[in-house]
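Please read each point with the structure in view.

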Amino acid sequence: MTADAPALVRETVLVHGLWAPRLAMAPLAARLARAGFVCRLFGYRARGEPLEAHVERLGRLARAIGPTHFVGHSMGGVVVFEALERDRTLACGRVVLLGAPVRGSLAGERAARFAPGRWLLGASAPLWGKARRARWTRPEPLGV
């Protein structure tokens, strides 16, 4: 990603994974900031709230910021993907998903079958326990 593409979007929202804190994205944010991006770390309670709550909050943030790039890691990528697919009015530049199980996760599906795994996955357990038919239908570039 370069800071001048597309349409000079500089805002970038980084979304962490299931078991990582928001600050886990800080090193990447620092590197992007050195390249000219204005980075924001989006945090969510991965185990405590359902996916819909995260998607809604990310959508509100994106509307408040305006056009922005998105980087999502693991479940954070699913949150980004769902927010952008559900609300096509959200303005975005480029979207990068790092290890995001947008089409499901065999490991997550297996973990969700057992009580300890469901406890580890928390409110996101139903998300990991089923195959998803995700398909990117937006015109913005998507990197996976």
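1. A nonpolar core is a set of buried Ala, Val, Leu, Ile, Met, Phe, Trp, Tyr and Cys residues joined through side-chain atoms within 4.5 Å; buried means under 20% relative accessible area, with a 1.4 Å probe and protein chains only. The model is predicted: local features need pLDDT of at least 70, side-chain atom pairs count only at pLDDT 80 or more, and totals for chains, interfaces and linings use all residues. Residues are numbered from 1 along each chain as its sequence is written, and side-chain values use heavy atoms, leaving out hydrogens and water.

2. The largest nonpolar core holds 31 residues, of which Leu 58, Phe 70, Val 80, Leu 84 and Val 95 touch the most other members. Among the elements giving two or more residues to this core are helix H2 (51–65), helix H3 (75–86) and strand E4 (92–98) (DSSP runs numbered from the N terminus: helices H or I, at least four residues; strands E, at least two). H3 gives the most, seven residues.

3. Val 80 is in contact (heavy atoms within 4.5 Å) with Val 15, Leu 58, Phe 70, Gly 72, Val 95 and Leu 97, leaving aside neighbours within four places in sequence. Another core, of six residues, lies apart from the largest one and includes Leu 14 and Phe 37.

4. Ser 74 lies in the loop between strand E3 (68–73) and H3. Ser 74 has a positive phi of about 55 degrees, although it is not a glycine. Most residues other than glycine have a negative phi. At 16% relative accessibility, Ser 74 is buried.

Methods. Buried < 20%, exposed > 50% of the residue type's maximum accessible area, 1.4 Å probe, protein only.
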